[in-house]
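Please look over the sequence and the structure before reading on.

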Amino acid sequence: MERSWDVQDFMSSTLGYKQLVVLLSDDMRLVKSLMDTVKVEDVDLIAKSIVDIGEVMGRGLQLVQTMTIGEFEKNFSVSTIFRLQSLASRAIHHYVRKVGTIYLSNVLGELLPRLLQNELSVSLEIDPAKLQTKRLDKENVLEENQQQLIHVSQMIFDRITTSSMVEIMPREIRLSCHFISSVCEQYQEKFGPDDKSKLVGGFIMLRFFNPALVTPESFGLLPPGTVPSQIGRRNLVLITKILQNLSNNVQFGQKEQF
């Protein structure tokens, strides 16, 4: 009797995974087939396992580049590439996290704990519907919060883009950005003149910096046992919205107001 394919059985087979990684690195047809057939509930587990074994085998970058091509061939819209919970986007997420954790600690490891203790100890809320304050001059509070939010976001942006931090960015992430730019040029008939910078910026922020900013405790960027408060978490989300819109060349409020 023919046995049905089971993800848990396959994941327990190291040899099977090694063979799959080799094939995925070299065969674009297999990448497309896998991206089309993996169940949604299995996407993250398979993506992480493939990246882990790919790195051990020295094929991590090649694997991610092949899956990046698959992502472009499946999605011809800037609004969907690297933004859906696809196998490729999850694999890329796990890959940049694996190769960039130490770098993130160098960039944000000292800044975030200090911000959460000081600048982010009070709300930066700019949504009138979510603002909680005892002050009667709510408009003034919103204006003050907006200015402080801009200040903190600028501080983080300056830290990320300072020359010393750019210089130590992992080679793998630099190559991934360059590869995305090159693939975008190959499909230039599908994209506008500004889309290349949006795709690279969206990749580096959406899949790398922003996850670390929203959940710094899961990236080891906070002291052990430290978790942002509800206010602190909301502040971090607002900061990532600004940084994400900035990387996409979108003015804050043009797509989503808060």
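How many nonpolar, polar and charged residues are in the lining of the largest cavity? The lining holds six nonpolar residues, three polar ones and no charged ones. The model is a predicted one.

## The cavity

Across the whole structure, a search turns up one cavity of 30 Å³ or more. The volume of the largest cavity is about 50 Å³.

Its lining consists of Leu61, Val64, Gln65, Thr68, Ile92, Ser176, Phe179, Ile180 and Phe203. Helix α5 provides the largest share, with four residues.

## The helix pair

Two packed helices are described by the angle between their axes and the distance between those axes. Helix α5 spans residues 60–74, and helix α10 spans residues 171–186. They pack at an angle of about 30°, and their axes lie 10 Å apart. Angles under 35 degrees count as roughly parallel, so α5 is roughly parallel to α10. The crossing of the two helices is right-handed.

Which residues make the contact? From α5 come Leu61, Gln65, Thr68, Ile69 and Phe72. From α10 come Glu172, Leu175, Ser176, Phe179, Ile180, Val183 and Cys184. By class, the residues of this contact are eight nonpolar, three polar and one charged.

## Where contact and cavity share residues

Some names turn up in both lists. On α5, Leu61, Gln65 and Thr68 take part in the contact with α10, and Leu61, Gln65 and Thr68 also line the largest cavity. On α10, Ser176, Phe179 and Ile180 belong to the contact with α5. Ser176, Phe179 and Ile180 are likewise among the residues lining the largest cavity.

## The second largest pocket

Now to a pocket. The second largest pocket has a volume of about 340 Å³. It is lined by 17 residues. Closest to its centre are Ile160, Thr161, Gly201, Ile204 and Met205.

Which elements each supply at least two residues of this lining? They are α8 (138–161), α10, α11 (195–214) and α12 (230–247). Helix α11 gives the most, with five residues. By class, the lining of this pocket has 13 nonpolar residues, three polar and one charged.

Technical notes. Residues are numbered from 1 along each chain as its sequence is written. This is a predicted model: local features need pLDDT of at least 70, side-chain atom pairs count only at pLDDT 80 or more; totals for chains, interfaces and linings use all residues. Side-chain values use heavy atoms; hydrogens and water are left out. Axes are lines fitted to C-alpha atoms, for helices over the stretch in contact, and angles run from 0 to 180 degrees between N-to-C directions. Angles under 35 degrees count as roughly parallel, over 145 as roughly antiparallel, 65 to 115 as roughly perpendicular and the rest as oblique. A crossing is left-handed if the near helix is turned anticlockwise from the far one by less than a right angle, and right-handed if clockwise. Contact means heavy atoms within 4.5 Å. Ala, Val, Leu, Ile, Met, Phe, Trp, Tyr, Cys and Pro count as nonpolar, Asp, Glu, Lys and Arg as charged, and the others, Gly among them, as polar. On a 1 Å grid over the protein atoms alone, a cavity is a set of points where a 1.4 Å probe fits but cannot get out, and a pocket is an open set with protein on both sides within 12 Å along at least five of seven lines; lining residues have an atom within 4 Å of a point. Grid points are joined across faces, edges and corners, and a volume is the space filled by probe spheres set on the points.
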